[in-house]
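Welcome to this short tour! Keep your viewer open, and we will go from stop to stop, selecting one thing at a time.

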Amino acid sequence: MSGYTVESRDHPPRVNADASNHRLSIWYHPIYTNGIHPEARFPRDRYTKLVDQLNTPGHVDKFIIKQPTEASRNELIMAHDPYYVDNFLNQNLTEKEIKRIGLTPWTPQIIPRTLFLMGGAIAALDHVMQHGGIAGNMAGGTHHAHYDFGSGYCIFNDLAVCSLLALSKYNLTKIAVVDLDVHQGDGTATILQHDDKVLTISVHCQQNFPFRKSQSDYDLELPAHAGDEEVLATVAEALEITKQFDPELILFQAGVDGLATDALGKLNISRQGMSKRNEMVFDLAVERSIPTVVFMGGGYSDPIRHTIDAFSDLFLSASLANQQILSKADTEQLDSEK
């Protein structure tokens, strides 16, 4: 990771330390890849490949890659059944529970991987609440994890944990989870279904996993094979709902598995359409200076380079929007001091 500044959650930056250069803070750990068994049916190399793509002379000055620490049990049980959490941590899940999650064959590294992944999301949340702007985790978006079971490659739900932490730790009253992954955010919907301080919006392909849908506050479904025009019109609808809610925080599930090249997606979004989708979300964040956390979500293109390119576009767009938000804040602060 040469060329990057690496920091730990144990030693958070001074207030405005990162804002002075306005680089985008992203959390990453090599275990995001190494904690998944090489024989698992999951493109585990996407994380290392994305780091390599961002770590080039043209991009390196736009990011600060930070290493997370592990999430704590107390943070996990904000959104999950303590019995389920403890069974996972103690390697006591049943074969049926493990099969439902996937990522098999499991390696013992799956436990620290999961804790570091959750820690990265929490660290990004803490960062935007302290500094404003945008931050991200280079993994996660684990929206299929429910209160007491995991599913669809998701063990614990980082979106739900961050939502409930933001309510309790930062006393927020309006949080918007904007889930634009091709699959419905069913676990997020069920965990947060009784919390009117959190708005859950899912834009997804109707004919895709999970085949038994949950009920988000707003489910905007797309037919199979929908292309850029239809998808972007639906995203615009989702963002208008978000705008009306007037959130203090946006949690953006930014899966790129809606690409036409994706093996699991069933939609026909182009790379340009995916970039436009991201820009629409970030434009809202910039317009209203809303702290925003980016969760990567799914991406299973074959070849994988299409996924890597789309995630690279995502973080480059987030970097630009973060600069705009923080520069605007600098200007407002200078004006107030005159």
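Helices here are DSSP runs of type H or I with at least four residues, and they are numbered from the N terminus. One more thing before we start: what you see is a predicted model.

**Stop 1: the whole chain**

Show the protein chain as a cartoon. You are looking at 11 helices and 8 strands. Along its principal axes, the C-alpha trace spans about 65 × 45 × 40 Å. A compact globule of 338 residues would have a radius of gyration near 20 Å, and the 18 Å of this chain agrees with that. Buried residues account for 58% of the 338. Now think about who touches whom: of the contacts between residues at least 6 apart in sequence, 76% join residues at least 24 apart.

**Stop 2: E95**

Select residues 95-101, which form helix α5, and find E95 there. Is E95 buried or exposed? E95 has a relative accessible area of 64%, and since exposed means over 50%, E95 is exposed. Next, draw a distance from E95 to D228: the C-alpha atoms are 40 Å apart in space, while the two residues lie 133 apart in sequence. D228 takes us to our next stop.

**Stop 3: α9 and α10**

Select residues 228-245 for helix α9 and residues 271-288 for helix α10. Their axes come within 10 Å and cross at roughly 15°. Angles under 35 degrees count as roughly parallel, and therefore α9 and α10 are roughly parallel to each other. The crossing is right-handed. To see where they touch, show side chains: on α9 the contact includes D228, L232 and V235, and on α10 it includes G273, K276 and R277. Colour the contact by class and you will find 7 nonpolar, 2 polar and 6 charged residues.

**Stop 4: α6 and α7**

Finally, select residues 110-131, helix α6, together with residues 158-169, helix α7. How far apart are their axes? The axes are 10 Å apart, and the helices pack at an angle of about 40°. That makes α6 oblique to α7. This crossing, too, is right-handed. Show L117, M118, A121, I122, L125 and D126 on α6, which meet D158, V161, C162, L165, A166 and K169 on α7. By class, this contact has 9 nonpolar, no polar and 3 charged residues.

Technical notes:
Residues numbered from 1 in each chain as written. Predicted model: local features only at pLDDT ≥ 70, side-chain atom pairs only at ≥ 80, totals over all residues. Heavy atoms only, no water. Axes fitted to C-alpha atoms, helices over the stretch in contact; angles between N-to-C directions. Helix = DSSP H or I, 4+ residues; strand = E, 2+ residues; numbered from the N terminus. Parallel < 35°, antiparallel > 145°, perpendicular 65-115°, else oblique. Left-handed = near helix turned anticlockwise from the far one by under 90°. Contact = heavy atoms within 4.5 Å. Nonpolar A, V, L, I, M, F, W, Y, C, P; charged D, E, K, R; others polar. Rg over C-alpha atoms; globule rule 2.2 N^0.38 Å. Buried < 20%, exposed > 50% of the residue type's maximum accessible area, 1.4 Å probe, protein only.
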